[in-house]
Every structure is written in C-alpha cells, then in structure tokens.
Amino acid sequence: MIAFEAVSHRYGAVEALREVSLEVPSGALCVLLGESGSGKSTLLRTVNRLVEPSAGRVTLQGRDVAAIDPQALRRGIGYVIQSVGLFPHRSVAENVATVPRLLGWDRARIEARVDALLAMVGLEPRAYRDRPPATLSGGQAQRVGLARALAADPPVLLMDEPFSALDPGTRRELQAALRRIHAETGKTILLVTHDVEEALALASRVAVMAGGRLVAEGVPAEVFGPGAPDVVRRMVRAGALAFHRLAALDAAAAAAPGPAPGAPLLPAGARLSDALLLMLEHGTGCLALEGDPPRHLTVAGLLGHSAP
Amino acid sequence: MTRRALRLGAEAVAFLAALLAAPQAEALWRALFPEVARPTYLQDPWLSLLGWHLALSLGAVALAALIGVPAGVLATRAGGRRLRPLLDAVFSLAQSIPPVAAIALALPLLGFGAAPTLLALVLYAALPVLRATVSGLDSVPPGAVEAARGLGLSGWQRLRDVELPLARPVMLAGLRVAVTLSVATTAVGAIAGTRCLGTPIVTGLANANPSYVLQGAIFTAWLALLLDRALGLLAPAAPEGPARP
C-alpha cells in the first residue's frame, strides 16, 4: 500500500502540492488524473524520492520512504516515463537487465528473466533481445520500457504519462497490455495521465488533482458520476460526462442471462461505452455477449446499470 | 572503415620513410634552396625529434584531459552548474594566452626545456577538452538520465554507464581538436630549447636557413594531419549513438 500523508511541495514560490492525502490499496491500478501543472507528476515522483516533499510523508507498506536509501528504494519500484528513456547504447536485453544487474543477479537468472519479460510485454524475445533501441517503434520502445521497469519484480510500478506520446491505436494496444499485466501480476500501479479516456480504460481507482490539491478520489464510476467536480467536467467535452462514465463500467455486469440469436457479438471484457457504440453501429437495442453461458445486453439493461 | 585504416597506415609508413630519407635528400634541398650553403638538416636524428614531439604533444593532451574532463563533468552536475561560466572563463583565458607568450612567461620560473612548453600546451589544449566534455554530456538524452535515476543508478553509475558512453563521440571530437592543436603548436617549444620537430624551424630562422624551416614545417604539419585522421577513425560516425534509421 502507498499512503500519502498531507504531502506538500514547493518549487520556489510555486506550491506544486498542497497537503495531499491519499491511500492507494495494494493491487490497485490507481490513475492520477489532472491537467498540466496540477501536481500529479510531482506527487508520483515523491514515491521514489525523485521529489522530496517539503512537508508531509509518503509511506510504502507502512515504511516512510524518507528513511530508505534512495537508490535501494528506486531499485524496488518500477518506473516508466513518457520519453521512455531507453539507453541508446545498450541492446533491448541489456536495457531490461539494468536493475537485475545492479542487484547482482547471476547471468543465467537475468537471461531467463529478460526473455520472460519480453514475452510478457508482447515482444518475441528472439526477435527483439539484441535489437538496438533506435530500431524500435514508439510502441515497441515503451513495451521495453515497461519490461525494464518490471525486471526485478517490484511490488509497485510508477508510470508517468507512459502512453501519452503514442498514436491512439498504439496507445490502446499498450493500455490493453497493461491491463493484462496488472491482472496477471497484481502489482500496485500508480499511473499519471491527463487523458480521461485512458483513466477510465485503466483505473481501478482514480484520483483527480487540480492546483496541487486532490479534488476527487474513488472508483471511476463514482468520480465520473453526477457529483463529479467541475475540474472533471472541464476535462471532458461538455455533456459527455455521462458517456465517458460508461467506459468505467463492465458490460458483463449489466447483462441478462439467455441467448440473443442473430444479435451483434460484444467481445469479452468490453465496457458499456463499447456496448453503446456497437448498438449505434448496428442500429439494434440488443447485443449478445461473448463467452459461456450465453448472455445478452439490452438498452434497458444498459440504462438501468449506468444509472448512478 | 578498414579501407580508411589501411590508407592511413600506408600514409604513416610514407611519413616515416620521408622522415628517414630527409637527411639523405641533399640533392632535393639543394635544388629547392640553391643559395643556402648547407641545406640539409643533420644536427639531430629526425626520429628522435619525432619521439620528443609526440611525447610532448600527446603528454600535454593527456594532462589537458585530466583537467578538462573532470572540470566538464563538474560543470554539468546539478551542484556544479553555477561553476560553469567560471570554468569556461578560466579555460578560455588560459587558451587566449598565445603559447609563445606562455612559454616566455614560464621560462624564468621553469627554466629552459620541456616544462614551459608542456605548460603552454596544457593551457592551450584544456579548453577544447572542457567544451567537448560539457557539450557531450549536454547532448545525452534527458530521458535516459531520468530513467537511470528512477531505476536506482547512483550518480557515479549514471555517469559511468549512461552519460559518458553517450557523450563519447562528442568528447572524442574535442580530443581530436586538442591533439591537432597540440601537435601543431608543440613546434613553438623549440624556442624554449625543447627538442622537437620545431627545432629545425627555430634553428633555420636563427641562421637564415629557409631549407631547415621548410623541413621542420613539412613534418610538423604532416604529423598533425596524420594524427587528426587517426583520431577520426577512433570516433566513427556514432554506431552507438542515438537515432540511426
């Protein structure tokens, strides 16, 4: 568990963080959502002491991070940044092996780990191991960045706008990969973004920041509910809040048992926003859900479940 | 790469052959300078002049690197950034002293011989090393340094494993400039009595013997060009650097 206790930080005259208190439960994928300058990245960086708070404290599993040697602390926390920051003079495998090498793992263990990680992030080890980073696309590079962050199996992963520099299609692929990895590994993930859709696609919890303060926090469907703060409303197109909220809700939870012969098929894991778009696309009010036993989703079911 | 190395090797052999042949080429020097009574420089073996010249100029660059690289590293650290204008000013001032003047000023303190020459050369060569170190370290992608920090590399590990390897091409280019400057300038040391490829030049000037001057000038310039290209081989077009298609 990560806990922020009344954390404040000043850059000269600028108050970047004002008494932020937040608890991120173990295993959560908590998204820090906010506009530029809201303090979300600064808050993230207090966890691995890239930023030292001027007041308040941050604890990791109950231990004050200020009491842990910064290098040792950082080797135990995964860190992914928007610019990826792969070392251009090192191969993909050497990049991924950075932290295990610092920790003095033996070569066989490192090699096995590198291959397992590349496979986990969706890169065929034999094809990518020896490539120089300059030959990778943006999406491939960030997959390597993610593998490098996970290399020493840290319980906590910090991600600072990890997908913001990618094109929309690649971004959705990487988001899907992250969701899968989160489900497989159960890591506690703290992810910073300014993208509402990304927050809704990923978050198990969302914390909204503005002007250095925490303005809303909770499960996404609550935070994006009718009581959403003005900052949240400002971040989505006027009136689109209710639609965006559908992206936080699983379609399966709104479905009813029984088959729907001939109805369009909604893929497993889809959200209610996907369901609504599929209904609009086919001009139908009924969808069949992929999977067993047979289930279907109607407009009434969708509206009933999305009602706050 | 290998073809360039071979061509350079061949040229180095030609250089040495010319150096050994110079005392025997009486006919050539006499044809070029018919008015000079003794046109062939025979006072010192050319190989020993070359040895001294190389030892002095490369030794000076090594010393300049020992000063300039740490100064450049210091100027790019978070804590040393404020020193940057000061360091640059000091090194610029050092280079702005003409080597001849530096030698003249150092003579009363250090006496005749290699010492004042070495001092003048180090003052002269330290600036390009400093500047190249600073711009090389500045050119390292900030994302790589940030990631290294976030992954738990210590300051020293970041410098050794990430920053210096990525700054290397730019630093080697600076070293190349320093070597070329130093080799070409070492000849001035002859006025302080240092034996080097400049000795025939100074002797020739003192005795109104343009043939000596020409012989010294040919080998000094040729050596500088040769070393410049040899270092060009060591600093290839950045196979490890960022952004290759």
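Author: Start at E161(A), which is found in the loop between strand 7 (156-160) and helix 8 (168-185) of chain A. Helices (H or I, at least four residues) and strands (E, at least two) are DSSP runs, numbered from the N terminus. This is a predicted model, where local features need pLDDT of at least 70 and side-chain atom pairs count only at pLDDT 80 or more, while totals for chains, interfaces and linings use all residues. Residues are numbered from 1 along each chain as its sequence is written, while chains are lettered from A and ligands numbered from 1 in the order in which they are written.

The backbone at E161(A) stands out. Its phi is positive, about 45°, although E161(A) is not a glycine. How many C-beta neighbours does E161(A) have inside 10 Å? The count is 19, so E161(A) is partly exposed. The cut-offs are these: buried means 20 or more other C-beta atoms within 10 Å, exposed means 12 or fewer, and partly exposed lies in between, with C-beta atoms placed from the backbone.

V84(A) also has a positive phi, of about 65°, and is not a glycine. Its loop runs between strand 6 (77-81) and helix 3 (92-96) of chain A. V84(A) is buried, because 24 other C-beta atoms lie within 10 Å.

Two strands pair if DSSP finds at least two bridges between them.

Strand 3 (residues 29-34) and strand 9 (residues 205-210) of chain A run parallel, joined by five bridges. One pairing involves G34(A), whose bridge partner in strand 9 is M209(A).

Now step back to the chain. Chain A is divided into domain 1 (1-76 + 155-233), domain 2 (89-149) and domain 3 (249-306), with bounds from an automatic or database domain assignment. The C-alpha centres of domain 2 and domain 3 of chain A lie 39 Å apart. UniProt, in an unreviewed entry, lists "domain: ABC transporter" at residues 2-236 of chain A. Its positions use the numbering used here, feature names are shortened, and annotations may be inferred rather than shown by experiment. Over residues 2-236 chain A is 38% helix and 27% strand, and the end C-alpha atoms are 28 Å apart.

Further along is a cis peptide bond. It joins D292(A) and P293(A), with omega about -5°. P293(A) is found in the loop between strand 13 (286-289) and strand 14 (295-298) of chain A.

Then there is chain B. It has 10 helices and zero strands. Its C-alpha trace spans about 75 × 50 × 20 Å along its principal axes. Buried residues make up 40% of its 245 residues. In helix 9 (residues 199-206) of chain B, T199(B), P200(B), I201(B), V202(B) and G204(B) are buried. The cover over these buried residues includes helix 3 (46-76) and helix 10 (210-234) of chain B. Just after helix 9, A208(B) takes a positive phi of about 50°.

The two chains meet. In contact are 19 residues of chain B and 17 residues of chain A; contact means C-beta atoms, placed from the backbone, within 7 Å. Helix 7 (142-150) and helix 8 (155-186) of chain B each supply at least two residues of the side of chain B that touches chain A. Helix 7 of chain B gives the most, with six residues.

The unreviewed UniProt entry places "transmembrane region" at stretches of chain B including residues 51-74 and 170-192. Over residues 51-74 chain B is 100% helix. Over residues 170-192 chain B is 74% helix.

Technical notes:
Two residues are in contact if their C-beta atoms, placed from the backbone, lie within 7 Å.
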